[in-house]
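Me: Could you walk me through this protein model, one question at a time?

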Amino acid sequence: MDDLALARALHVFAIVLWIGGVAFVTTILLPSIRKRQNELKGPQLFESLEGPFSLQAKFTTLLAGLTGLYIIYATDGWNRFLEPSYWWLSAMVAVWFIFTMVLFVLEPLFLHAWFRQKAGSDPQAVLLLLQRMHWVLLTLSLITVLGAVYGSHG
Ligand code: HEM
């Protein structure tokens, strides 16, 4: 079996599940919940629906990081990080780092508690802020995916 091809396949598999989930939350879930804000307890509903995805995102982030690192190690591609034309490689690590910090460090440490507290006082504002942050992360992720595929094959 070709280890490198397998690592690349698993890497893209993880990215599809992970960033696809972020796209769903950003473009479908959050806008729908914000629209129904008056009928439902928006922030609580969001937490209960997004909770299982957060667990899935932890696994896929981990898998994407491990397989990505393996590809660099197996191809001895470390010095590509120094070349400007490989900006998308650094972008991948940056996107991965931001999500890892949010999922494994910031959320358990204080984001979760902050969200609950803000949801009690101003639920509309907290959902709007959440929506904006998701848009920023999704945009960065999609630019990275475009750059990675174009850069690898172009
Ligand atoms: C620690 C994090 C990561 C590392 C070390 C890493 C590393 C790599 C490497 C070395 C490749 C192979 C490139 C080549 O064939 O020349 C690759 C492919 C790819 N990566 Fe990542 N990556 C990471 C995270 C991400 C993230 C966060 C995304 C998306 C937002 C992403 C999207 C992709 C895609 C779409 C490909 C496939 C490119 C293709 O062959 O068509 N990666 N990654």
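Reply: Happy to, with two notes to start. This is a predicted model, in which local features need pLDDT of at least 70 and side-chain atom pairs count only at pLDDT 80 or more, while totals for chains, interfaces and linings use all residues. Residues are numbered from 1 along each chain as its sequence is written.

Me: Which pattern does the protein follow along the sequence?
Reply: Helices (H or I, at least four residues) and strands (E, at least two) are DSSP runs, numbered from the N terminus. The protein has four helices and zero strands. Read along the sequence, the pattern is therefore α-α-α-α.

Me: What share of the residues in the protein is buried?
Reply: A residue counts as buried if 20 or more other C-beta atoms lie within 10 Å of its own, exposed if 12 or fewer, and partly exposed in between, with C-beta atoms placed from the backbone. F13, found in helix α1, has 14 other C-beta atoms within 10 Å, so F13 is partly exposed. Of the 154 residues in the protein, the buried share is 19%.

Me: Which helices do the buried residues of α4 pack against?
Reply: α4 has 31 residues and reaches 45 Å from its first C-alpha to its last. Its buried residues are V126, L127, L130, S141 and T144. Contact here requires C-beta atoms, placed from the backbone, within 7 Å. The buried residues of α4 pack against α1, α2 and α3.

Me: Which element gives the largest share of the shell around the ligand?
Reply: The ligand is surrounded by 23 residues, and the closest are G68, I71, M92, W96 and A148; here a C-beta atom, placed from the backbone, must lie within 6 Å. Elements giving two or more residues are α1 (3-35), α2 (42-75), α3 (87-121) and α4 (123-153). The largest share, seven residues, comes from α4.

Technical notes:
Expected span 1.5 Å × (residues − 1). Contact = placed C-beta atoms within 7 Å.
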